[in-house]
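Let's walk through this one together, starting with a single chain and then turning to where two chains meet.

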Amino acid sequence: MQTDSITIDVIANGLKSLIYEMDAAIERTAMSIIIREQHDFGMSLVDHRGWVVTGTAFAGQTLAEYAATRPVEPGDVIMFNDPYLSHGEISHLGDTMVAVPIFWEGELLAWGIAWGHHMDIGADAPAAMPTQATEIFHEGLQIPPVKLYRQGILNEDVLAIVARNSRTPEMMVGDTLALSAAGKIAEKRLHELCEKFGGAAVRETFQVLFARARETMRRLIALLPERPLCFEDVLDNDGITDEPLVIRMTIERKGEKLLVDFTGSSPQCAGPMNYPLNPSLLKLRLYNLLRLAAGERINIDPQLDANQGVEDLVEVHIPEGCFLNPTYPAPVSLRHLVSGRLGEVMQAILAQVFPDTVPATHYGSLNCYSLLGVGRRPEDRWLCFEVTAGGGGARPFGDGIDAYCFNNRLKNAPVEFVETVYPVRIEQYSLRPGSAGPGKYRGGYGLTRAIRVLKAAKLYFLDERQRTQPWGLYGGRAAAANDAYLVRNDGRIVQLPGKFDHLPVEPGELFVMRTGGGGGWGSPYERDPEQVRREVECRLLTAEQAREWYGVVLVGWPPKVDEAATAALRARAPVVHDWVDRGEPVAAPGPNTFWELAEPPEPWLVITEPVGTSRVAEIRDRERSG
Amino acid sequence: MALISGVQTKHGVLIGIDIGGTFTDVVVLNTTTRQLHLTKVASTPRDPAQGFFLGLECALRASGVERSHIARILHGSTVATNAVLEGKGSRIGLLTTQGFRHLLEIGRAYIPGIFTNFMRWEKPERLVPLERVRDVPERLAADGSLVRPLDEAAARAAIAELIQQDIEALAISLLHSYANPVHEQRLGELAREIAPDLYISLSSAVLPEYREYERTMTTVLNAYIMPVVARYLAAIEAGLVERGIHTPVHVMRSDAGVMSLQAACERPVNTVLSGPAGGAKGAAYLAAVAGYPNIVSLDMGGTSTDVCLSIDADPRLSTDTWISHYPVKVPIIDITTIGAGGGSLTFVSSVGALRVGPQSAGADPGPACYGRGGELPTVTDANLVLGRMPEHLAGGAITLDVERARKAIAKHIAEPLKLSVEEAAHGIIRIVNEGMLGALRVVSVQRGIDPRDLVLVPFGGAGPVHGAELARLVGIETMLVPPTPGVLSALGFLLADIRNVFTLTRVGLIGQLDLERYNRELAALIDQAQEWLAGEGIAPEARAVEVALDLRYQGQAYELPISVPPVLDEAALAQAAARFHAEHKARYGFNQPFVPVEIVTLRVTALGRLPKPPLEPAPEEGEDASAAVVAVRPVYFDGGYRETWVYDRSRLRPGNRIEGPALILQADCTTVLHPGQSLRVDGFGNLIVRIAG
């Protein structure tokens, strides 16, 4: 080593700081609420080969290829969103990558990159998430790697094309420029570090950081047994064909290396649920998950970043023609749902080895909806887009997180913000009683969100895990699945499928989402009866559920635990053999199928009488008396 | 002399009392003789009022000031903050709009932290458990219009149920109450009818701004600490009367203003960071008087470091502060806390990286050099080994063990990294300073300010030890060390003005506004501010009212406050929009002049100017500082030890100059001057350090 270890760490901390600085800059300068408020963005520092040094997970093969085939000069900024040309580094068109090449002493040293999910890039549905696409051409504007800036000069023509293809052109431009400005911060700070410590010391620091990650990953892999570990889970369907999609993942340690195999997963599908899974990104995810699951066992350095130093320790095999390795131009716009389920599968595999740290699974959807105003005037074409949270999985030491979004950094939009900006009224936003997977530690509660549409609009929705329950672990039970409804002005309650576009909604109609809970952990018969009692008093559980699920017998109101009856009931606790409880299949409408319900599902809304134009309670009463 | 601001200043003795976690600081300033007395006594966390009076009496004895000569007492304490941090607030209830009973449970559905650990994070306890939350049938629209009338029968029943659960305070927060408080006010009346002694906190009064979770949380916090703070302040008031002191007491606010005891009882949430606000105000004021209005202050203590920017002599304010797990949206000085201080533990990680913090040795066992059983080395140990701190602290009360510090660093850092003890100790300092540099840059990018344009004002026990090196890293040219870095908060209290903020969320697009309505509402806010100032005893000539609009690009979720005249017209709005575009460009590097600008919130700040202690520079004497030299010692700087002059700060005279390297010692802190740097003592006793490049 040429550079002393203290200087290496000073530089390493400087690199970490520049990521934080980029993060702060994007949050404060982007325009769309998906980026600003819901934090759907990321940033990294990538070396000249395209390897991530620090920051959020990304792989930079695209950038390396670009630099190898075309001139890249100081002041250039590259942008792209093309999932196929980027080998799945960007895996659907809604995310745009902006990359700033950083030169030192005439040589390409690194890239400062930032990506964000735009509010809209055209496509057949807003927010770049059409559910009925059968080719990537239906999914919005495809941007191959192009220069947004050339030697410091903004390419306004590119920006004009991009803006013209968006339903929200100002946001598209604002967000792109904000990402580009963040990349420039990386350049400035890296230059400062090079000036202070020399380019060689900075390059050496990259190598040390790769080596640290590799060494940590090597020790983590050594904790795994040398036998195949496997898990299989399904996605409801691709939005077009009524067939479940299987993710089957097997990992096996062979000496120092880890082999990952997706043989047995479903073939490429007709709808946009294909996921161009980038192997390098998968390795980073595995590394991150292993650190969380087993880091304490090797006294891990908590401040390490994930980087591509782990690259050669993992081998990934994704069969040709698999929906995780699709062929151009297969549609991919809903790939984040697949990516989310893949995370659950990895979690279940690790739960078999590290039962004391790995949680049960979460609600398994993102419950994204868009409302697009219809009408001839420009002000009629409003666009409201939201992602909703559900229940987090129970942990081996405590309850799951209520109102949790598996995209960790996401924040919900305040009701009072949404209502000042869009013609909607959110009439209920609450925990969904009974949705948490029972367990010694229960899963997190899912949510109920009821949105009254006040002006004519079209509804777009994408949901998952409507047909399977979020699984519980080690005696913990499965949780409630996701579902959604539309209460029509004529009183009909329609249960909605998980993926549809363009559903016309009249003013006054009510869209209701009930998001899933998190799976439970450990036998519910071991849960502290007082905790169960509290949740009954708070009306999150019914007395019947307390008895049936938890073996807790309650009397009176406010409820009290009948200790003797509880002990007697709990003495007959059912024996659980399986380490995972997947619950039962759940009935839900298939693609383009809408079910009319005879009466609303339980539990329904708490609103006791019509709010505004609502006729929910009236309808409910009529249904009941009829 | 006449009554100024309702405060008798005949004899001109001002007293600032700051109750911190460990010490209670009392500053007694005789404005006639210009004598300043500092007193430190141990805090009494179980009964803070006891420490208040102990400190006051010690200070009066030491300064010889007579009780009847006290013109004003200004006070800040950790009572409100500790109630929150320790979960020792009151038993409270909450009323919400029907359908939103779980508002606090859901929050923003967000897990804090940048790369978060979803496997481990546990949801913190809510300040009001779900059993004591009731939702009532009612609903307003975003514009304040009625969607559904308040169901009074249901409301009475809900209130009665909560009162049966022995609540001491009630928070009321309904959707869109910022736009129309009518339902909240009616609920307040109903609650008072049922339980006249109940403490009541309405969200439309505490924080009439949109974002229901943050507004509700702020209101709940206010209710949670209301009874605690009211009891505490009543004890202070009674104790003063008992001692024959009839002076008005003002309470320090978290926005660096002060308010009356009565106002503090109603809005205790405005006092949660009174101590740090005093420090920031003190730093800003002293630096401004010395000719440096724009500063970054750095309060480095044992476990953490608070950074705050002050522009034009006023600490910047933020409405995005968290106390423990809870967002507090009232204006609070814009402090960023960095998890590194003198007591931060340092270790070599599993991959051979040198790490500092975030764990701290705390006061017990403390750093290895305290000799109280601390094994791991801390930042203080590193400074001690390098000779940058004296072996004796607090005027000889604490002796530090250099050998223990050396051994700890040798064993835990130097040997694993194969470095000399000095290299290891210096490495620790470099890592700490680099961490602070990074944090400072994040603060700057978030605020859109270039820190190189600022003067660094370090205070707190460890601030002046690290200040000069940090300034060099950031590219700051000047550092100012105030005369009393250890008691800056209490001194800052004496420099604050009466202050309150009145806001109202009224969303509307510039260019399409009902101007008459906006002006009517602005006038009402201004009236409210004037009335409040009158109630605080401020004479008309000492009052000032500042008006601002929080503006944003249409549909965007962040606002910037832009000053406007008290009456709006088309020209004023056009000018405000233009300034918004400019400010956006300055802060964020771009703007979008083609996007419409929205008003979000009307913001009226009420200011009552209080007479300030006279600060005039003493005449400068000669440059020669040799009379203050007390020792020469070796101190480690880059690459080796240098013979370094040690000065006693109390012997330095205005005009003295010192060339680095040098140490300047005073009872509660040490200033380190590096080779190539120089300092001058100004007429106010500040050390003005010139940082070489």
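**Chain B, then the interface**

Chain B has 16 helices and 37 strands, where helices (H or I, at least four residues) and strands (E, at least two) are DSSP runs numbered from the N terminus. Keep in mind that this is a predicted model, in which local features need pLDDT of at least 70, side-chain atom pairs count only at pLDDT 80 or more, and totals for chains, interfaces and linings use all residues. Residues are numbered from 1 along each chain as its sequence is written, with chains lettered from A and ligands numbered from 1 in the order in which they are written.

How is chain B packed? Its C-alpha trace spans about 80 × 65 × 55 Å along the principal axes. The radius of gyration of chain B is 26 Å, which agrees with the value near 26 Å for a compact globule of 693 residues; it is taken over C-alpha atoms, and the globule rule is 2.2 Å times the number of residues to the power 0.38. Buried residues make up 55% of the chain B total of 693 (buried: 20 or more other C-beta atoms within 10 Å of a residue's own, C-beta atoms being placed from the backbone).

Now for the meeting of chains: 67 residues of chain A are in contact with 62 residues of chain B (contact: C-beta atoms, placed from the backbone, within 7 Å). On the chain A side, α1(A) gives the largest share, 14 residues.

Definitions and conventions
Contact = placed C-beta atoms within 7 Å. Buried ≥ 20, exposed ≤ 12 C-beta atoms within 10 Å, placed from the backbone.
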